[in-house]
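Biologist: Could you walk me through this one, taking it slowly and explaining the terms as we go?
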Amino acid sequence: MVDLHNVGTFNVDTRFKDKYLNESERMLEKVLPHAMLKAKPNLESMIRTLKRDWAIVYDMLSGKDNSSFGWDEHRQMVVAEDVVWNLYISSHKATDQLRHRNFLYYD
């Protein structure tokens, strides 16, 4: 995805143009020739997951009443006191998996 973005062929504002999944599939086939990864459903599923996780992290860092969260630039992850995490996780169950996870391309 980063390579496709850098090439610029499939860029449109904040999204990708049509057929970027097909190009991603061709790129994966070169790197992992026998993996049999397909754009649909494999890549689409990963993109949905990335979008969901990005939205959660964005909410933690920029959302209303979430000023206790910070960003560790070195580790590329959301940081907060244990009490803050536990309180947030209790009301946002899906965020537990993000507590110690790096987001290398978040910015």
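Modeller: Let me start with Q76, which is buried at a relative accessible area of 11%, where buried means under 20% relative accessible area, exposed means over 50% and partly exposed lies in between, with a 1.4 Å probe and protein chains only. Please keep in mind that this is a predicted model, in which local features need pLDDT of at least 70 and side-chain atom pairs count only at pLDDT 80 or more, while totals for chains, interfaces and linings use all residues. Residues are numbered from 1 along each chain as its sequence is written, and side-chain values use heavy atoms, with hydrogens and water left out.

Biologist: OK, and where does Q76 lie?
Modeller: Q76 lies in the loop between β3 (70–72) and β4 (77–79); helices (H or I, at least four residues) and strands (E, at least two) are DSSP runs, numbered from the N terminus. The phi of Q76 is near 55°, a positive value in a residue other than glycine. Most residues other than glycine have a negative phi.

Biologist: Switching topic, which residues make up the largest nonpolar core?
Modeller: That core has 11 residues in all, among them I56, V57, M60, F69 and W85. A nonpolar core here is a set of buried Ala, Val, Leu, Ile, Met, Phe, Trp, Tyr and Cys residues joined through side-chain atoms within 4.5 Å. Helices α3 (39–62) and α4 (82–91) each supply at least two residues of this core. There is also a second, separate core of six residues, which includes Y20, A39, L43 and I47.

Biologist: And what does V57 touch?
Modeller: Leaving aside residues up to four places away in sequence, V57 touches W71, V78, F103 and Y106, where contact means heavy atoms within 4.5 Å.

Biologist: What covers the buried residues of α3?
Modeller: The cover includes α2, β3, β4 and α4, and the buried residues of α3 are A39, L43, I47, D53, I56, V57 and M60.

Biologist: Last topic, which residues of α2 are buried?
Modeller: In α2 the buried residues are Y20, L21 and S24. Seen down the axis of the helix, the buried residues of α2 fall within an arc of 95°, so they line one face of the helix; the arc is that of the directions from the helix axis to the C-beta atoms.
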